[in-house]
Amino acid sequence: MINFTPIVRPVFRYIVGRRKRWANPDALEKTQRRLLCRLLSRAGQTEVGRRYAFRELKYYENFVDAVPTVLYEDIRHDVERMVQGAPDVLWPGVTRRFAQSSGTSGGKSKYIPVTGDSLSINHYRGGAESVASYLDLYPDTRMFGGKGFILGGSFANEITCLPSEVRVGDLSANLIDRINPAVNLFRVPDKKTALMADWNEKLPALVEKSIDEDITNISGVPSWFLTVLRNIIKRKGADTIHDVWPNLEVFFHGGIAFGPYKEQYAAITDPSRMHYIENYNASEGFFAIQDTCDSSNGMLLMADAGIFFEFAPFDSTSGRTGEPLPAWKVEKGQVYEILITAPNGLWRYAPGDTVRIESVEPLRISIAGRTNSFINAFGEELMVWNADAALAKACEITGASVANYTAAPVYTAERTKGHHQWLIEWARAPRCGNEAFADILDKELCKVNSDYQAKRSGDIFLACLELTPVGIGAFDRWLASTGKLGGQRKVPRLSNDRRIVDAILNNSC
């Protein structure tokens, strides 16, 4: 295949250069204020626009005073009307695509509007920004000298009486279904295979469609792609994926933290030839991209890609948030709940993510966890990023490899102290044994979280964590029991109660 990389590089170089427009807080403020005005003007004649008089809101300060922050339950009824074809509700026109994601207390699933505007000025723009960063960081790349393997979900859903012209499914399915046909020249698998719903049929089909292609880049969720790659290696009788695809050079990943999977990918690749680019893309929007070689620097906020951002100071002790701040007023090192106003009709909407500000010039963020995915049963304030970092280090020390995990508190009882219980499905068990691994993991948690360390001091308030290994497939069985197996569904890593842990244990019996 002809190497088209030099031909397309000037387009992506322009994208990188454009980022200078919001490199400092003053420029960020101007960019975000202009964007908010465009969103308000665009939606002025919608139901929500008339409700809050969008056409009269000229400044961010007016917008904050007039429009409340919302969770999905606050807009569920409006979205359900949109699914059934109601026009001009949260965004102009009729919305015919929706991204299905994990639900809330009010329902099994959420259905996030995917409008034409959100696709063009946000989701696809995010993909272009990510590729632009990679080309900029690695000048010798031959990424467009072969094909990309994009792993997506399907349009499987449980809605009854769905209008025939409406598509509801994983965000990735919507993106693949509407992708520019020209991209198909550089992508596998074909659309029919990519959108298959049954993973028992889809997995071998994915292997068949990609195994003999010249793959230079892969994109998807780390946990699911790992299974695909291992099947391809097994099919070829190879040692690493580079024995199958010698020109593979980059993995564009997102959806879950990569840390716990890093060692597993290193085992099936040639690490000297492989690069990793993290993206912060959710059903609600594409928020940030990695723009440096070191992912620990955080991800660059996409300030002019259709989304207006706010950040509410997050108190993990109470789970409460403070008054939201605009992007240009955040402080480095602080953790915030993210709120978005986007071209899909989400107005001051809280997706449930918390982020840590890594830098403000430019504004880079990292995912800290979920507002409802943390453990603070004993004042330890353990967040997902703490757990991921400690687990990755413990695996490095012990030679272990984790396929899946989740953790929850065990509350103080008459004869036992309060502690955390970790359920771990091993891809490779630690050479030191489970008890020794638990001790190492406990010490690593103390290193990354001062509150956990304080509560562990002297074994007074919090005992050493308990590690419970579960059999292969335990997490998949639990996901299947909830109707969320497949696609891009994720196991919650931390819970402040025991519902998930107990359900997994019961399914393991």
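Start by selecting Ala53: with a relative accessibility of 28%, Ala53 counts as partly exposed (buried is under 20% relative accessible area, exposed is over 50%, and partly exposed is in between, using a 1.4 Å probe and protein chains only). Its phi is positive, about 55 degrees, although Ala53 is not a glycine. You'll find Ala53 in the loop between α3 (47-51) and α4 (60-66); helices here are DSSP runs of H or I with at least four residues, strands are runs of E with at least two, and both are numbered from the N terminus.

A word on what you have open: this is a predicted model, where local features need pLDDT of at least 70 and side-chain atom pairs count only at pLDDT 80 or more, while totals for chains, interfaces and linings use all residues. Residues are numbered from 1 along each chain as its sequence is written, and side-chain values use heavy atoms, with hydrogens and water left out.

Now jump to Arg348, in the loop between β14 and β15. Arg348 also isn't a glycine, yet has a positive phi of about 55 degrees. Is Arg348 buried or exposed? Arg348 is buried, at a relative accessible area of 4%.

**Two cis prolines**

Select Val188 and Pro189 and look at the bond joining them: the peptide is cis, with omega about -5 degrees. Pro189 sits in the loop between β5 (187-188) and α8 (191-194). Then go to Glu361 and Pro362, where the peptide bond is cis again, with omega near 0 degrees. Pro362 belongs to the loop between β15 (353-360) and β16 (363-370).

**Helix against helix**

Show helix α1 (residues 5-18) together with helix α6 (residues 116-137): their axes come within 8 Å and cross at roughly 105 degrees. Axes are lines fitted to C-alpha atoms, for helices over the stretch in contact, and angles run from 0 to 180 degrees between N-to-C directions. α1 and α6 are therefore roughly perpendicular to each other (that label covers 65 to 115 degrees; under 35 is roughly parallel, over 145 roughly antiparallel, and the rest oblique).

Contact means heavy atoms within 4.5 Å. By class, the residues of this α1 and α6 contact are seven nonpolar, two polar and five charged (Ala, Val, Leu, Ile, Met, Phe, Trp, Tyr, Cys and Pro count as nonpolar, Asp, Glu, Lys and Arg as charged, and the others, Gly among them, as polar).

Next, bring up helix α12 (residues 384-398) and helix α13 (residues 434-448). Their axes are 8 Å apart, and the helices pack at an angle of about 135 degrees. α12 and α13 are therefore oblique to each other. Among the residues meeting across this contact are Trp385, Leu391 and Ile397 in α12, and Phe437, Leu441 and Val448 in α13. Sorted by class, the contact of α12 with α13 has 13 nonpolar, two polar and two charged residues.

**Aromatic rings**

How many aromatic pairs does a search of the whole structure find? The search turns up 26. Rings of Phe, Tyr and Trp (its six-membered ring) pair if their centres lie within 6.5 Å; planes under 30 degrees apart are stacked, over 60 edge-to-face, and the rest tilted.

Zoom in on Tyr280 and Phe287, an edge-to-face pair at 4.9 Å centre to centre with 80 degrees between the planes. Both Tyr280 and Phe287 are buried.

Then pick Phe311 and Tyr336: the ring centres are 6.1 Å apart and the planes stand at 75 degrees, so this pair is edge-to-face. The pair links distant parts of the chain, with Phe311 in strand β11 (residues 308-315) and Tyr336 in strand β14 (residues 335-341), 25 residues apart. Phe311 and Tyr336 are buried too.

**Last stops**

Select Ser495, in the loop between α15 (474-482) and α16 (499-508). Ser495 counts as buried, at 7% relative accessibility. Leaving aside neighbours within four places in sequence, Ser495 is in contact with Phe374, Ile375, Ala407, Ala408, Pro409 and Ile500.

Finish at Thr416, in the loop between β19 (401-410) and β20 (419-428). Thr416 is partly exposed at 39% relative accessibility. Draw a distance to Ala463: the two C-alpha atoms are separated by 8.7 Å, and the residues are 47 apart along the chain.
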